[in-house]
Amino acid sequence: MGRTAYGRRAGHNGGVSEATLPPLPSAERPDVAARLREALLAASFTADGLLELLGAPAYAALARSETVPALRATRGDTPLETLVRLFLLQQPVPHARVEDVLPVHACVESGWLTRAGGADGDVAATVDVRPYGGSDGEDWFIVSDLGCAVGGAGGIGNRDEGVVLGVGGASTTLAGITVRTPVASALDLGTGSGIQALHAAQHATRVTATDLNPRALHITALTLALSGVPAADLREGSLFEPVRDDETFDLIVSNPPFVISPGARLTYRDGGMGGDDLCRSLVQQAGERLNVGGFAQFLANWQHEEGEDWQDRIRSWVPRGCDAWIVQREVQDVTQYAELWLRDAGDHRGDPQEYQARYDAWLDEFEARKVKAVGFGWITLRRTASAEPVITVEEWPHPVEQPLGDTVRAHFDRVDYLREHDDASLLAGHFKLAPEVMQEQVGLPGAEDPEHVVLRQNRGMRRATKVDTVGAGFAGVCDGSLSAGRILDAIAQLVGEDPVLLRDRTPAQIRLLVEQGFLEPA
């Protein structure tokens, strides 16, 4: 879920109130962050170290904000157990135990720890610090507000509007689909706890991170410092407001507050605009901020309204001069959607009448807008110099294999190829079957011929598509050595078909197999 808000009614300081949230560690003490990082790594306070200490069930439970299994697994007094209880479970720990593991005085002085009193002079963490493994095995740390590292079905630990969450499923989804080619400039719009900026720092020379919530910018600075990566250019503001008119980027990413809600209660998820207007505005404004060849990648919700095709709705969002690939991953009816986000806020654990009133407000909002369902998915734009941009909108609710950044980039490479090659060029081209494509034949047992043939990918999007016998035979012999036309001529001779007619009717099938990644230009 998104970790910041845009378009909200700003307070007197133009940002978000932090009245009930505790003070954060100083972002002006990189020396303390470096010492703390060194101590955490020395105690194996890493993703791998946690898994080994807690075991898979307790580790998975912690990702659901269930702490009892982890509490049971950390009843000893090793340095790692001490750090888990301190930073992940938010338990006060005796000063003497922590002193053997961390630079306690510096951590208290700079605000990472606070004195909690108690007979043993306990200390407690002021923020959640959660190990996070980078895509290339880096040991990173995500900082978030106490009790808010995960959220989800259990509800968040603090419902202040400016609370900053850690890494959830949406955050990792966006990180996984992002194209990771080296770039000069990247923009993380609505940075939240800084996870997208952290990833971008590995392949972008300059990273700019924005957020309407000043607390989120502060926490992003802590995340980057504690993870040992260069600081980003942090800017406060809504949508593209903090970006100068003359600035463009090679990569824009955003996990925005896309929840379609009847208000703007929580900064990290509710954008404060009506319906899906926030996501639409974000997508429409991104095109002019991209360099040619640059990518903008978002997670989004969109409305399914009565009498309207959802694909037409999303197509209308795509800015001029951009190719687009939009994938709807899930659809929920309005009751499922309202219940999901009521649970996310922990409303199901509060007063039943208040819960019912909030539920009614969601359904009233949807009824007024004639919304029957809400879609969730990925939107990728690529700025193109072509006079004929290509927009692909599809529904794919099936399992995929992350990370998908290379798959996304390859999709747009294929778009370029198909745009530049007419049918005659396709027949003159050479193709190879993509790696790990399998063929399945479906039909009655003992039948001489299958009812249909399915090609299935075991990597990336894990697509499956029906083909006829010609298509299956064509794909099976594509190894790059023969042109498509020569392969079809050979197939025509085998099946006794007119080769001219076969050449006329097959390019559409070849085009589809290339578009979906089953065949690659050799």
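How many helices and how many strands does the protein have? After that, please stay with strand β5: which strand pairs with β5 over six bridges?

Reply: The model is a predicted one, in which local features need pLDDT of at least 70 and side-chain atom pairs count only at pLDDT 80 or more, while totals for chains, interfaces and linings use all residues. Residues are numbered from 1 along each chain as its sequence is written, and side-chain values use heavy atoms, with hydrogens and water left out.

The protein has 20 helices and 18 strands; these are DSSP runs numbered from the N terminus, a helix being H or I over at least four residues and a strand being E over at least two. Its C-alpha trace spans about 90 × 50 × 50 Å along the principal axes. Of the 522 residues, 52% are buried, where buried means under 20% relative accessible area, exposed means over 50%, and partly exposed lies in between, using a 1.4 Å probe and protein chains only. Among contacts with a separation of 6 or more, 72% are between residues 24 or more positions apart, a contact being heavy atoms within 4.5 Å.

Turning to your strand, β5 covers residues 183-189, and because six of its seven residues are buried, β5 is largely enclosed by the rest of the structure. The strand that pairs with β5 over six bridges is β6 (residues 204-211), and the two run in the parallel sense; strands count as paired if DSSP finds at least two bridges between them. Within this pairing, Ala 186 has Val 207 of β6 as its bridge partner.

For another strand, look at β12 (residues 391-395), which holds Thr 392. With a relative accessible area of 13%, Thr 392 is buried, and, leaving aside residues up to four places away in sequence, Thr 392 touches Ala 324, Trp 325, Ile 326, His 411 and Glu 515.
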